Amino acid sequence: MYKRQILGCVLFSFIPLFNKERVPYVAGEKTTFKDMLAALKNNKAFMLVIISYFLGFGRQMAMGIQVQAANVILGSQNLVAVLGIVTAIGSMISMALCPVLIKKLGEKKVYLLLSIYGFVASLLSFVVGYFWFRDPDNIVLTVLFYLFLFLIGLQFAAVTLMPMIMTADCVDYYEYETGKRMEGAAYSILTLTIKVCLALGTALGLVFIQISGYSDTVNQITAGTVSGFSTKTKDLVFFAYTVVPGILALLSTIPMFKYDIVGEKKARIATELAARRKSAE
């Protein structure tokens with residue numbers, strides 16, 4: 001057995017020396033900043049998607065301050081995985097259910113539903129956390145605390161999956177109106193927006209961490225003058241972890257009320273584009 005394994009490793013090491021690329025490289029579409037601006041300016045529906053994403057940038061806060069939140073709320077930075085996993089399970093379920101919801105309600109209604117749900121779940125999670133911080137040995141409150149963290153995760157298809165789907169619809173709409181596709185420019189803008197929102201969300205979260213007295217308390221704990229974080233610090237950090245993202249998720253719904261690539265219009269665009277492509281063959 002070991003001889004076969006050694007022989008396999010030796011043969012595998014020769015691949016870089018003798019392997020040749022058989023598929024010729026073809027340069028893809030180049031997207032300039034000018035193309036991105038034009039795509040955004042001339043596609044109202046896509047602009048609404050991007051504005052909505054920017055307004056909801058606070059959804060990224062929880063990820064940006066998760067280490068500090070774990071330290072304050074659970075008592076150790078090493079427990080950051082607990083916060084992440086509980087919410088991530090809800091997020092994965094949300095994305096799995098998203099196609100079913102879209103089929104029944106459409107992208108716009110699903111986005112609005114998940115965003116409004118996210119606001120309500122975040123607010124209720126904070127209320128549960130507020131009472132749990134004052135009675136951490138209460139089993140019922142402990143279960144409810146983790147349950148609502150899971151429920152918060154159910155909203156995240158609205159920020160991870162829905163913008164991708166709606167951007168694809170916006171690309172089809174632009175092609176329907178102009179005869180040109182703008183996939184490269186559209187997804188470049190969306191990618192840039194996601195990165196900027198991650199940075200903004202983290203920055204805002206760290207502002208809350210700073211004003212909560214987190215750094216001073218960590219120094220005091222290290223010096224041995226205090227044994228843990230105050231309920232005031234816990235409240236403020238958890239407010240940043242739950243309520244602020246929830247409020248901004250609710251704000252993100254405002255542009256979506258004017259988004260109109262839905263229902264009959266979306267079906268008409270898809271049918272027309274399919275007919276054009278078939279006639280071009």
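Q: Which residues is Tyr241 in contact with, leaving aside its neighbours within four places in sequence?
A: This is a predicted model, in which local features need pLDDT of at least 70 and side-chain atom pairs count only at pLDDT 80 or more, while totals for chains, interfaces and linings use all residues. Residues are numbered from 1 along each chain as its sequence is written, and side-chain values use heavy atoms, with hydrogens and water left out. A contact here means heavy atoms within 4.5 Å. Once its neighbours within four places in sequence are set aside, Tyr241 is in contact with Ala62, Ile65, Gln66, Ala69, Leu83, Thr87 and Leu149.

Q: How many helices and how many strands does the protein have?
A: Both elements are DSSP runs numbered from the N terminus, where a helix (H or I) needs at least four residues and a strand (E) at least two. Counted in this way, the protein has 17 helices, and its number of strands is 0.

Q: What percentage of the residues of the protein count as buried?
A: A residue is buried when its relative accessible area is under 20%, exposed when it is over 50% and partly exposed in between, using a 1.4 Å probe and protein chains only. The protein has 281 residues, and the share of them that count as buried is 41%.

Q: Which residues have the most contacts inside the largest nonpolar core?
A: In soluble globular proteins, nonpolar side chains tend to be buried together. A nonpolar core is a set of buried Ala, Val, Leu, Ile, Met, Phe, Trp, Tyr and Cys residues joined through side-chain atoms within 4.5 Å. The largest such core has 36 residues, and those with the most contacts inside it are Ile73, Leu83, Trp132, Phe145, Leu149, Phe238 and Tyr241.

Q: Which helices each supply at least two residues of this core?
A: The core in question is the largest nonpolar one, with 36 residues. The helices that each supply at least two residues to this core are α5 (61-64), α6 (66-74), α7 (80-105), α8 (107-134), α9 (139-153), α12 (183-211), α14 (231-241) and α15 (243-251).

Q: How many residues are in the second, separate core?
A: Among the members of this second core are Phe46, Val49, Leu114 and Tyr174. The core is separate, and its number of residues is 28.

Q: What is the angle between the ring planes of Tyr130 and Phe131?
A: Rings of Phe, Tyr and Trp (its six-membered ring) pair if their centres lie within 6.5 Å, and planes under 30 degrees apart count as stacked, over 60 as edge-to-face and the rest as tilted. By this rule the protein has 13 aromatic pairs. Tyr130 and Phe131 form an edge-to-face pair, with 5.4 Å from centre to centre and an angle between the planes of 90°.

Q: Why is the pair of Phe145 and Tyr146 edge-to-face?
A: Within this pair, Phe145 is buried at 0% relative accessibility, while Tyr146 is partly exposed at 26%. The ring centres lie 5.3 Å apart, and the pair is edge-to-face because its planes stand at 85°.

Q: Where does the side chain of Ser122 reach, at 2.7 Å?
A: Ser122 is found in helix α8 and counts as buried, since its relative accessibility is 1%. Ser122 also touches Ile152, Gln155, Thr242, Val243 and Gly246, when residues up to four places away in sequence are not counted. At 2.7 Å, its side chain reaches the backbone oxygen of Gly118.

Q: What is the length of the polar contact that joins the side chains of Lys266 and Glu107?
A: Lys266 lies in helix α17 (residues 263-280) and is in contact with Glu107, Asp169 and Ile261, leaving aside its neighbours within four places in sequence. A polar contact is a pair of N or O atoms within 3.5 Å; within protein, one must be able to donate a hydrogen and the other to accept it, and residues adjacent in sequence count only if both atoms are side-chain atoms. The polar contact between the side chains of Lys266 and Glu107 has a length of 2.4 Å.

Q: Is Glu175 buried or exposed?
A: Glu175 has its place in helix α11 (residues 162-178), and its side chain makes a polar contact of 2.4 Å with the side chain of Arg181. At 12% relative accessibility, Glu175 counts as buried.
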